[in-house]
Amino acid sequence: NIEVDADEYDLLINEDVGSCCTLVYELISDTLDDINESDQQVPTAMLFGIIKDTRHLLSDNSTERDFAAYRALSKLGNKKKISDIQSYPLPAYIFELESRSMLDDNYLESEATFVAFLGHISEKKRDALPYLADKYMRKEGISTSVITAIVGNSVEASVRSDNVSLVLSNFLENIFGSDNSGSKRGAGGADVPLGFFTLD
């Protein structure tokens, strides 16, 4: 059990940082002092979280606290395991769905926004949505990507944006509803039940 002073906790969670893993590290850093090589899962996971959330500390939302947490966790985590995660072989369905997303009837590109629909996919393939949302952000001229699919009995979406004039939370709420969506800086998602339109 980890005890945290209420005032300290309030201070930690109410200041901007680029990664929630930075907050977790600051809360439990004292418990990591005696960690050994055989027990690197927690610092490795937090280190990867910071890398992912802050785009290798290059995103605008990266803070000095993120850098400090990254430096400390770099000494504790398993860097080879992180490298293996980042370079893992992609399943064939990722490429199949990417091809599907580029069919004429499945995508729309307008005013720096790319929107694609992948059709009905299994729950095992839902990770294609954030992967493709990230990938299409790298397309020249695109500042917002929206990748959608029917997953099970819901419409799911992954959204990425670096458009400074777009408030992503409002964008998602207007399209999908506040109860069905959520976001952080530059990234968001939605899960909207089909209701009586269910495919079962």
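Which residue in β6 does Ser-154 stand opposite? I looked this up and found Pro-193 in β6 opposite Ser-154.

**Basis.** I note that this is a predicted model, in which local features need pLDDT of at least 70, side-chain atom pairs count only at pLDDT 80 or more, and totals for chains, interfaces and linings use all residues. Residues are numbered from 1 along each chain as its sequence is written, and side-chain values use heavy atoms, with hydrogens and water left out.

**Sheet.** I traced an open sheet of six strands in the order β1-β2-β3-β4-β6-β5, with mixed pairing. Strands are DSSP runs of E of at least two residues, helices are runs of H or I of at least four, and both are numbered from the N terminus; two strands pair if DSSP finds at least two bridges between them. I found β1 (107-110) and β5 (181-184) at the edges; each has a single partner strand, so one side of each lacks a neighbour in the sheet. On average, neighbouring strands are turned by 10 degrees against each other, direction ignored (axes are lines fitted to C-alpha atoms, for helices over the stretch in contact; angles run from 0 to 180 degrees between N-to-C directions). I then saw that β4 (residues 154-161) and β6 (residues 187-193) run antiparallel, joined by seven bridges.

**Helix on the sheet.** I recorded that α6 (residues 92-101) packs on the sheet and touches β1 and β2 (113-121), contact meaning heavy atoms within 4.5 Å. The direction of α6 makes about 120 degrees with that of β2.

**Ser-74.** I located Ser-74 in helix α4 (residues 64-74). Leaving out residues up to four places away in sequence, Ser-74 touches Leu-47 and Lys-79.
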